[in-house]
Amino acid sequence: MATTEPKHEHREEEEEAAGADDEDTGAQVAPIVRLEEVAVSTGEENEDPLIDLKAKLYRFDKDGNQWKERGAGTVKLLKHKETGKVRLVMRQSKTLKICANHFVLPTMTVQEHAGNEKSCVWHAPDFADGELKDELFCIRFASIENCKSFMDMFQEVAESQKKEESEDGSTAAGLLEKLSVEDKSQEKAKYKTEKGDGKEEKAEDKDAEATA
């Protein structure tokens with residue numbers, strides 16, 4: 001009579017051998033290439049965000065006489081910590097490509113886009129493409145509230161820049177006036193010195209004549 005016991009034992013030996021192969025030996029394999037962390041600069045490190053909203057941006061194509069999409073992403077108003085200047089920056093969500101980058105100037109105004117309370121328009125000398133271009137932008141938000149928040153902050157910044165520009169102009173005018181006064185004082189002092197030197201020369205001439 002044939003028995004199956006040897007076959008059963010052989011199967012157990014195979015399972016034990018397979019289990020041995022799966023055991024963790026504790027050995028650590030070092031990666032072939034080590035990737036080091038690289039600090040990525042956004043250029044926004046010295047700026048504080050005044051507003052940060054998701055939107056879709058368009059620019060007006062004068063040649064085609066139509067609006068063209070620049071990208072969908074996050075629009076920010078960033079205030080520089082030292083200079084106090086504020087710029088508008090918008091990047092596309094996936095690629096982070098810049099689609100708008102310009103300072104908010106005192107002369108700028110933002111207006112609601114005709115027939116759409118979620119959109120607004122403004123003119124700006126933009127630097128997104130690496131060179132200054134006069135652009136007409138239109139931005140559309142997901143809600144009327146976001147659009148209003150953006151417009152209010154944009155206008156508030158423009159007004160504050162206008163005030164700072166006026167104060168800078170007054171300071172500059174004061175410095176020029178002070179400089180002008182100092183110059184006049186120096187001229188008067190120089191004139192008195194020259195006049196005094198002339199009198200001394202005449203006195204010396206008379207003394208010489210008297211001696212002769």
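Q: How many residues does the largest nonpolar core have, and which have the most contacts inside it?
A: In this predicted model, the residues with the most contacts inside the core are V75, W122, I139, F141 and F150. The largest nonpolar core has 26 residues.

Q: Which element supplies the largest share of this core?
A: Strand 1 (47–61), strand 2 (66–80), strand 3 (86–92), strand 4 (98–103), strand 6 (119–126), strand 7 (133–141) and helix 2 (144–211) each give at least two residues to the core. The largest share is six residues. Its source is helix 2.

Q: Leaving aside neighbours within four places in sequence, which residues is W122 in contact with?
A: W122 is among the core residues with the most contacts inside the core. Neighbours within four places in sequence are left aside here. The contacts of W122 are then L57, L88, H102, T109, V110, E135, L136, F137, I139, F150 and F154.

Q: What is the phi of N65, a residue that is not a glycine?
A: Most residues other than glycine have a negative phi. N65 lies in the loop between strand 1 and strand 2. Its phi is positive, at about 55 degrees.

Q: Is N65 buried or exposed?
A: Exposed means over 50% relative accessible area. N65 has 58% relative accessibility, so N65 is exposed.

Q: Where is L96 found?
A: L96 is not a glycine, yet its phi is positive, near 65 degrees. L96 is found in the loop between strand 3 and strand 4.

Q: What is the relative accessible area of L96?
A: L96 counts as exposed. Its relative accessible area is 53%.

Definitions and conventions. Residues numbered from 1 in each chain as written. Predicted model: local features only at pLDDT ≥ 70, side-chain atom pairs only at ≥ 80, totals over all residues. Heavy atoms only, no water. Core = buried A, V, L, I, M, F, W, Y, C linked by side-chain atoms within 4.5 Å. Buried < 20%, exposed > 50% of the residue type's maximum accessible area, 1.4 Å probe, protein only. Helix = DSSP H or I, 4+ residues; strand = E, 2+ residues; numbered from the N terminus. Contact = heavy atoms within 4.5 Å.
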